[in-house]
Amino acid sequence: MQKPGSEKKKYFVVRERAVPEVLLKVVEAKKLLDSGKVDTVQDAAERTGISRSSFYKYKDDIFPFHEETRGKTITFIIQMDDEPGLLSVVLQTIARFHGNILTIHQSIPINGIATLTLSVDILPGEGDAEAMVETIEQSEGIHYLKILGRE
């Protein structure tokens with residue numbers, strides 16, 4: 001038995017031409033607020049030609065669909081020196097190339113060498129996976145980097 005008010009949510013993908021104008025204006029108002037071009041919901045509503053009540057009614061129910069929401073997922077293994085700060089250098093490099101770490105596993109170091117396995121998602125147009133891997137490989141303390149898979 002479902003709890004009252006906990007109906008199952010359904011989602012639809014529709015072309016922009018099929019979306020009522022008020023919903024498109026809500027999306028536009030949300031962009032204005034997110035970008036800082038306006039300070040208040042009242043300002044956003046006035047600039048887009050909708051009422052505040054329309055904004056509040058639909059703001060949580062519509063958002064743009066980005067075709068390129070999925071990027072490349074790369075899984076790789078690194079053998080590296082067990083030195084303080086070296087893992088941080090690797091993670092900072094991934095962040096610099098707009099990588100999003102999906103999984104990370106570091107083994108217990110043996111003879112001063114640690115093995116790190118990472119899965120990293122890189123959004124299209126955001127980062128350069130090849131340059132990221134090359135930069136990590138060239139970092140001091142990195143012995144070995146092998147790409148295990150690409151999706």
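This is a predicted model: local features need pLDDT of at least 70, side-chain atom pairs count only at pLDDT 80 or more; totals for chains, interfaces and linings use all residues.
## Contacts and burial

Residues are numbered from 1 along each chain as its sequence is written, and side-chain values use heavy atoms, with hydrogens and water left out.

## Order of the elements

The chain has five helices and four strands, which follow the pattern α-α-α-β-α-β-β-α-β when read along the sequence. Helices (H or I, at least four residues) and strands (E, at least two) are DSSP runs, numbered from the N terminus.

## The sheet and its helices

The order β2-β3-β1-β4 describes an open sheet of four strands with antiparallel pairing, where two strands pair if DSSP finds at least two bridges between them. Its edge strands, β2 (99–106) and β4 (142–150), each pair on one side only. Strand β1 (residues 72–81) pairs with strand β3 (residues 113–122) in the antiparallel sense over ten bridges, and Ile74 stands opposite Val120 in β3.

Helix α4 (residues 86–96) lies across β1, β2, β3 and β4 and runs at about 155 degrees to β2, whereas helix α5 (residues 129–138) lies across β1, β3 and β4 and runs at about 155 degrees to β4. For such angles, axes are lines fitted to C-alpha atoms, for helices over the stretch in contact, and the angles run from 0 to 180 degrees between N-to-C directions.

## Helices α1 and α2

Helix α1 (residues 21–35) and helix α2 (residues 41–48) have axes that come within 9 Å and cross at roughly 135 degrees. The contact is made by Lys25, Glu28, Ala29, Leu32 and Leu33 of α1 together with Val41, Ala44, Arg47 and Thr48 of α2.

## An aromatic pair

One aromatic pair is found in a search of the whole structure: Phe55 and Tyr56 are edge-to-face, at 5.6 Å centre to centre and with 80 degrees between the planes. Rings of Phe, Tyr and Trp (its six-membered ring) pair if their centres lie within 6.5 Å, and planes under 30 degrees apart count as stacked, over 60 as edge-to-face and the rest as tilted. Phe55 counts as buried at 4% relative accessibility, whereas Tyr56 is partly exposed, with a relative accessible area of 45%.

Terms used:
Buried means under 20% relative accessible area, exposed over 50%, partly exposed in between (1.4 Å probe, protein chains only). Contact means heavy atoms within 4.5 Å.
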